[in-house]
Amino acid sequence: MSWGTELWDQFDNLEKHTQWGIDILEKYIKFVKERTEIELSYAKQLRNLSKKYQPKKNSKEEEEYKYTSCKAFLSTLNEMNDYAGQHEVISENMTAQIMVDLARYVQELKQERKSNFHDGRKAQQHIETCWKQLEASKRRFERDCKEADRAQQYFEKMDADINVTKADVEKARQQAQLRHQMAEDSKADYSSILQKFNQEQHEYYHSHIPNIFQKIQEMEERRILRLGESMKMYAEVDRQVIPIIGKCLDGIVKAAESIDQKNDSQLVIEAFKSGFEPPGDIDFEDYSQPMQRAVSDHSLSSSRGDGKPEPKFGGRSKGKLWPFIKKNKGATPEDFSNLPPEQRRKKLQQKVDELNKEMQKEVDQRDAITKMKDVYLRNPQMGDPASLDHKLAEVSHNIEKLRLETQKFEAWLAEVEGRLPARGDQARRQSGLYDGQSAPAVNNCAQDRESSPDGSYTEEQSQESEVKVLAPDFDDEFDDEEPLPAIGTCKALYTFEGQNEGTISVAEGETLYVIEEDKGDGWTRIRRSEEEEGYVPTSYVEVYLDKNAKGAKTYI
């Protein structure tokens, strides 16, 4: 089965067919290109989807991902991100292994096809030229033969005419012989050209064309084979990522199986547990006593015979009604005192941990600067040790500031943990929280629970009473005291915001009076004016004590 023998006369059709084959290749390349674009678009959409539902950093959503169900969802988002990456791999591999390779092959195929058909057209033109030469020699031979026949007939006519001179007859005879000779020469030329043409034609149809068509056939078969290989590669590129996609899906299944509903329920308890006991039963308040006294003196005397005041019902602290009291929607206090004890303890512990981490970072930075300064001291050519003093002082200042903050929150934490009762004392705390302070509020229970004019229940007054009961008593250290004499001056090295009771705010570079030096607790008492004084951290100021002042110590 050879195109050279079977399709020897189908040159034009073969030319059209091979062009169609190249068009098919280009169409397949376009198909693969569009597939890669779809894969990239799909991967981008999957990544955007995964990113859209990722928890935002430092937001409430991030706190929600402590639950196993939310962790499983987060794992699903991450696996979908990896899943999108595999579709990007498909696009990249199809581009590199199919599109680029086929595009280069198409260019080579076009050049090869052009060369083969150029040779075919050249062979066609040669055989057509030979055919034209044969036709020309044939027509010349035919014309010379006719001319020779006419010259012979003319000679015979002249030879038979008795009136024609011998000279005219001889001339006619010579002309006839010349025409016969020309006919013989044309015959020999025609015969030679015919023989040559037959040889050329035989080579054309049995050698040149078969060879050219065989090359074209091999080229076309390679094109078909290459297309099949590209289709196999197309499937193989998809198959290569199936194991990884399977792992992504297995990861989603594993994440789903890791969901623990009991653990999530426990986390809800830890997140919202207040530390309070549920409210106890509300005692009956008997408003029928006056009616009973009017009916029976015995009941009156029996009720007052011992001379003791009648016990009031509902003698428990009104703090137990906290679930029904309106919540304060103002700014969150720094010590989280607006939260229930358990939640407050968790918040304070979290804040202490954060401050400790920040302090550790600053300590590590200080150690690194100290080591660098030692290196500069040993090798002055590497740098100036004095250039690190400012940075070292700044870091030390930050450490001191964080230390004070940590101490403040640790004190609040210790206070909360000290107030949290043991498991056996919870009922006592719930029923008698601050009993000594809450008595006035309890005695006014009936008045506190009055109805509003429209008949609705209100807790406004009881809330105020509760606030008064639970509010801590601040000890004003400066009330009813004689102003202390100044024992020196100080200069603020850093700005300090005095937000706590007993502290005072100072600005960097400000000069103030020292009225009480540091007693070992890290605080120095200073005065700006007669009515404005307080404590500042000792590390924030540079103190200059007056040696002649009473009670002054030598400052080092």
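Of the 556 residues in this protein, 30% count as buried, where buried means under 20% relative accessible area, exposed over 50% and partly exposed in between (1.4 Å probe, protein chains only). The structure is a predicted model, in which local features need pLDDT of at least 70 and side-chain atom pairs count only at pLDDT 80 or more, while totals for chains, interfaces and linings use all residues. Residues are numbered from 1 along each chain as its sequence is written, and side-chain values use heavy atoms, with hydrogens and water left out.

The accessible surface amounts to about 37,400 Å², with 52% of it belonging to carbon and sulfur atoms; these areas come from the Shrake-Rupley method with a 1.4 Å probe, and for residues only the protein chains shown count as cover. The secondary structure consists of 14 helices and 5 strands, taken as DSSP runs (H or I of at least four residues for helices, E of at least two for strands) and numbered from the N terminus. Among contacts (heavy atoms within 4.5 Å) with a separation of 6 or more, 74% are made by residues 24 or more positions apart.

Turning to helix packing, H2 and helix H4 (residues 68–160) have axes 8 Å apart and an angle of about 165°. Axes here are lines fitted to C-alpha atoms, for helices over the stretch in contact, with angles from 0 to 180 degrees between N-to-C directions. The two helices, H2 and H4, are therefore roughly antiparallel, a label for angles over 145 degrees. The contact of H2 with H4 comprises 25 nonpolar, 12 polar and 10 charged residues; Ala, Val, Leu, Ile, Met, Phe, Trp, Tyr, Cys and Pro count as nonpolar, Asp, Glu, Lys and Arg as charged, and the others, Gly among them, as polar.

H4 also packs with H5: their axes come within 6 Å and cross at roughly 175°, so H4 and H5 are likewise roughly antiparallel. In the contact of H4 with H5 there are 46 nonpolar, 20 polar and 23 charged residues.

Two residues give a closer look. Glu-39 sits in helix H2 (residues 11–52) and counts as buried because its relative accessibility is 7%. Beyond neighbours within four places in sequence, Glu-39 touches His-87, Ile-90 and Ser-91. Ile-259, in the loop between helix H5 (166–257) and helix H6 (261–272), counts as partly exposed because its relative accessibility is 37%. With neighbours within four places again set aside, Ile-259 is in contact with Thr-68, Ser-69 and Ala-72. The C-alpha atoms of Ile-259 and Ala-72 are separated by 6.7 Å, although these residues are 187 apart along the chain.

Key. Parallel < 35°, antiparallel > 145°, perpendicular 65-115°, else oblique.
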